[in-house]
Amino acid sequence: MKKAMFYEKIDNGSVQCLLCPHGCKLAPDSTGRCRARKNLAGDLYSLNYERLASVALDPIEKKPLRHFHPGKRILSVGTFGCNFKCSYCQNWSISQGDITTQVVKSSELADLAMKYVERGSIGVAYTYNEPSIWYEYVLESAELVRERGLVNVLVTNGFINPEPLTRLLPYVDAMNIDVKAFNEKFYSKYCKGSLDIVKKTVEQAVDNCHVEITTLIIPGLNDSTSEIGELAKWLSSLNPDIALHLTRFYPSYLMTDIPPTPDARIAAVKECAELYLRHVY
Ligand code: SF4
């Protein structure tokens with residue numbers, strides 16, 4: 001546990017977390033929506049600090065990143081918690097569930113990253129669950145990883161306030177940001193989040209590091225050619241070389257009543273996105 005960054009004290013021992021746009025107001029002993037930050041005796045603490053739930057050496061293409069050190073691998077780590085509640089989450093056991101974790105200090109993580117260089121690793125990816133709600137550990141680790149001449153990658157939902165993002169970005173080399181749909185209704189109904197915030201994160205990120213985007217195509221919910229066309233058009237207005245990854249849905253977590261995305265649907269939305277972007281996968 002570590003005292004959190006980005007919060008303010010309010011009345012009666014309560015605090016308001018300012019890390020993400022939810023802005024949770026927490027009475028003593030209560031925990032934020034992400035399950036990762038708690039008010040203890042009038043101060044906010046990060047509960048997942050130094051706690052790893054998943055570690056693997058992954059191909060960089062699995063993040064997915066196709067235009068950032070292709071062919072290399074990256075040490076990939078995650079913890080528990082998430083500030084979204086996607087009803088179709090594919091990693092729900094760590095984002096929403098309770099899971100065993102192992103303590104790994106940031107210096108140990110940076111040393112581990114160095115160890116895997118000889119196996120083709122280029123650094124550390126903070127992934128699997130939402131890394132922005134692991135903020136203090138990610139920032140601390142990213143600084144150490146960078147000091148060792150390696151890179152940092154964030155795989156994120158982009159739901160973070162501008163100030164903490166600005167503080168972290170100098171240590172981030174690449175991001176894959178989920179744009180889960182290109183309509184607010186989807187974000188509020190299925191993720192308990194906001195597209196508008198995510199768009200602002202993408203806009204801030206593309207000015208500071210390598211960015212690729214992922215959209216999971218769910219039959220009947222976000223798979224219209226017009227919606228994906230609008231997404232691609234907006235991305236193209238930022239940079240037509242931004243890579244867009246369109247991935248297939250399969251039934252998971254609470255959304256088990258929708259079949260996997262047909263290949264033909266992926267092909268149709270891909271064709272539409274390619275009207276605006278040079279790299280659609
Ligand atoms: S980071 Fe967590 S505690 Fe802070 S505002 Fe977001 S959901 Fe709430």
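Reader: Where does Lys85 sit?
Author: In this predicted model, Lys85 is in the loop between strand E9 (73-78) and helix H1 (92-95).

Reader: And is Lys85 buried, exposed or partly exposed?
Author: Lys85 has 17 other C-beta atoms within 10 Å, so it counts as partly exposed.

Reader: Which residues does Lys85 touch, leaving out those up to four places away in sequence?
Author: Those are Cys191 and Lys192. Cys34 is 51 residues from Lys85 along the chain, and the C-alpha atoms of the two are separated by 8.8 Å.

Reader: Cys34, okay. Which residues are closest to the ligand?
Author: Cys34 is one of them, along with Cys17, Cys20, Cys24 and Gly32. In total, 13 residues surround the ligand.

Reader: What's that shell made of, by class?
Author: The shell around the ligand has 7 nonpolar, 4 polar and 2 charged residues.

Reader: Thanks! Switching to the overall layout: how is the protein chain divided?
Author: There are two parts, domain 1 (2-46) and domain 2 (51-273). Their C-alpha centres lie 24 Å apart.

Reader: How many residues of each domain are in contact with the other?
Author: On the domain 1 side there are 14 residues, and they meet 16 residues of domain 2. Sorted by class, the domain 1 side of this contact has 9 nonpolar, 2 polar and 3 charged residues.

Reader: What about the largest nonpolar core, which members touch the most others?
Author: Val124, Ala232, Leu244 and Ala273 do, out of 83 residues in that core. Helix H3 (residues 135-147) gives the largest share, 6 residues.

Reader: Where does this core lie relative to the two domains, and why?
Author: Domain 1 (2-46) and domain 2 (51-273) both contribute residues, so the core lies between them.

Reader: You mentioned Ala273. Which residues does Ala273 touch?
Author: Setting aside residues up to four places away in sequence, Ala273 touches Ile228, Gly229, Ala232, Leu244, Leu246 and Val280.

Reader: What about Ile242, where is that?
Author: Ile242 lies in the loop between H7 and E15. It is buried because it has 22 C-beta neighbours inside 10 Å, and the cut-off for buried is 20 or more.

Reader: Which residues is Ile242 in contact with, beyond four places in sequence?
Author: Val206, Val211, Glu212, Ile213, Leu235 and Leu277.

Reader: What is the phi of Phe6 and of Asp29?
Author: Phe6 is not a glycine, yet it has a positive phi of about 65°. Asp29, also a residue other than glycine, has a positive phi near 75°.

Reader: Where are they in the chain?
Author: Phe6 is in the loop between strand E1 (2-3) and strand E2 (7-9), and Asp29 is in the loop between strand E4 (25-26) and strand E5 (37-40). Phe6 is partly exposed, with 18 other C-beta atoms within 10 Å, while Asp29 is exposed, with 10.

Terms used. Residues numbered from 1 in each chain as written. Predicted model: local features only at pLDDT ≥ 70, side-chain atom pairs only at ≥ 80, totals over all residues. Core = buried A, V, L, I, M, F, W, Y, C linked by C-beta atoms within 7 Å. Buried ≥ 20, exposed ≤ 12 C-beta atoms within 10 Å, placed from the backbone. Helix = DSSP H or I, 4+ residues; strand = E, 2+ residues; numbered from the N terminus. Domains from an automatic or database assignment. Contact = placed C-beta atoms within 7 Å. Nonpolar A, V, L, I, M, F, W, Y, C, P; charged D, E, K, R; others polar. Near = placed C-beta within 6 Å.
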